[in-house]
Amino acid sequence: MATAAPPVPEPDDMDCSVCHEQYVQPKLLPCGHLLCHHCLLSWLQSQDQALCPLCRCAIMEPEERGQKSWQDVADGFPTDLAMADLVGAHRLLKQSHSCICEEAAATCLCLTCGDLFCEPCRKTHVKQKVSKNHTVEDLTSLTADKVAGSQHAACAVHADKTAELFCPTHGESICHLCATSRHRSCPEVKDMEEKVKDARAVLAELAVTLTEGEARLDKAIQQLDAHLAETEKQTKKAVAEIEAVCARLEKSVQDCRHRLNELAHSACSDVKEAVTETKTCLLQRRGKLTSQKHVVQRVQEAKNRDTVSTMTPVMQTRVGNLDCSATLPSVAKVVSKVTVVIDAEAVTRIEKELSGLGQAKVMSADLDFVPVPVLSFYDNHGKNIVLSNDKQTAEKRVSDWVGGIVVASQPMMTNMLYEVILDRRDAYNGSYMWTGATTTPPEALTWPPHAYGWPSAVVINAESVDVNGGQKLESNVGRKLRDLPEKSRVGVMLDKKRSLHLYINGDDQGEAAPSLPDPCFAFFELWGPYRQITALPGRHIP
């Protein structure tokens, strides 16, 4: 008689947030969260608004639903096959099983053929010629992930046959028999291994896209937090000034002081409310990215090839529809200046009559949101350069002294530092990096072998600053560009007057050239021993 299987821990991430049981046909919501199919249907039918029970993001807008029933809506969401595989494998490990001989309890599982064995049958199985190379493991040592990954993709028509091919036309995993019959006229039938390899490459790109989107939203949220802090600072400043005036008065003016404090706080509350609302919106969007990223990673790590192949186009569509930008709504406000206006005549009257006091006036302005550019290099560059890392790393193809110029893909913003880090250099000394700005758009540039004498550009080197290929400004601004060690940082910045400044390791080396026209583009040259640089995130210089 079969004995009970050893207890298997119940993982929380396999539990539905509505029924608190393991998922049954887990449906993937637009926000990236999962609900059982029947729980999703029940939830939709019980709510006035179709909102996710976890993050309160919209599951479906009214105009998207149209004439669909809630049953059709629930059926229409894709099933997370990667999670379904894990749950199925976990349930398999929790159950008690009989050996295929039906005379004893199963103690092990063949991951190759999927059969359960007792110890005597296991020994027989591994001795047989046809199955001697099969992988058999004890049930107590198996994990849900390993069991799920061992499941072979079955043919969409012949469930008893392993799917070794994939038909992109029909989106089906098929066997060789189907390839020569039902799918004979399909334009392209791929090997399953090739399809899975392509799918994993797409999933890796999706994961990068989501990670970068998270980073951009994190920066925007941090800036909102900074504006909230500044609003609070301005509020305290206003209150402090009011307190300074009220301190001159006797106890009889306490009511007036209280009124002015309320005015100051009230004037700032709308700003805080608007910024907080905007932050909530961005947090929701970031939550979507994180949830979808988890799904992509789960599918990416899934061992079941059919699951990876089927889920990849679903996730491509999902990620393509996500908003990964960090643009703030124009309604966001922040207190940029607080001015306390005291009526001098009223003060004189109060000092004499201890009655009445001036007013606290708080000036509100549009949120001064400074977008932080992502520095990347344009495709048009020197002949000795190869770009990688999403065009944020530039490396010389060969150890040559020429052809190593790269230019930023976007125009320079004022008070924004465009900076790179020196990743690698040769041992040779006696040379220096070149940097500066060109007024020619990168797509129209023709590349000289060396930046020296470059027209329509300000070129900074260790000895001088060259302007437009002819004028030489005797300047020691770039003196520290000579013999920079690895991990040094070099950057350029336009101030509000559009004067170009050189920065080395975060320190302003001074003005290199005044009054640059708009637009202009930062450039860097890997001259001499300097072999590789990587762009750093933009940094606002107040």
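## Basis of the model

The structure is a predicted model, in which local features need pLDDT of at least 70, side-chain atom pairs count only at pLDDT 80 or more, and totals for chains, interfaces and linings use all residues. Residues are numbered from 1 along each chain as its sequence is written, and side-chain values use heavy atoms, with hydrogens and water left out.

## Salt bridges

The structure holds 14 salt bridges, a salt bridge being a side-chain nitrogen of Lys or Arg within 4 Å of a carboxyl oxygen of Asp or Glu. Helices (H or I, at least four residues) and strands (E, at least two) are DSSP runs, numbered from the N terminus. D138 counts as partly exposed because its relative accessibility is 31%; buried means under 20% relative accessible area, exposed over 50%, and partly exposed in between (1.4 Å probe, protein chains only). R122 is likewise partly exposed, at 21%. E119, R122 and D138 are linked in a network of salt bridges.

A salt bridge also joins K279 to D225, with the closest N and O atoms 2.8 Å apart. K279 lies in helix α9 and D225 in helix α8 (residues 192–246), so this pair ties together parts that are 54 residues apart in sequence. The side chains of E419 and R489 meet in a further salt bridge (3.0 Å, N to O). Here strand β14 (residues 416–425) supplies E419 and strand β19 (residues 489–494) supplies R489, 70 residues apart. E419 counts as buried because its relative accessibility is 4%, whereas R489 is partly exposed at 27%.

## Strand pairing

Six strands form an open sheet with antiparallel pairing, in the order β13-β22-β15-β16-β17-β18. Its edge strands, β13 (405–407) and β18 (471–473), each pair on one side only. Two strands are taken to pair if DSSP finds at least two bridges between them. Within this sheet, β15 (residues 434–438) and β22 (residues 521–525) pair over five bridges, and T438 has F521 of β22 as its bridge partner.

An open sheet of three strands has the order β7-β6-β8, also with antiparallel pairing. Strand β6 (residues 165–167) is joined to β7 by three bridges, with F166 opposite S173. Elsewhere, four bridges join the antiparallel strands β20 (residues 500–504) and β21 (residues 507–513). Their hairpin has two residues between the strands, and N505 takes a positive phi near 55°.

N304 lies in the loop between α9 (254–301) and α10 (305–321). N304 counts as buried because its relative accessibility is 7%. A polar atom of the N304 side chain lies 3.1 Å from the backbone nitrogen of T307.

V308 lies in helix α10 and counts as buried because its relative accessibility is 0%. Leaving aside neighbours within four places in sequence, V308 is in contact (heavy atoms within 4.5 Å) with A199, R200, L203, V299 and A302. The C-alpha atoms of V308 and A82 are separated by 7.6 Å, although these residues are 226 residues apart along the chain.

How values were computed
A polar contact is a pair of N or O atoms within 3.5 Å; within protein, one must be able to donate a hydrogen and the other to accept it, and residues adjacent in sequence count only if both atoms are side-chain atoms.
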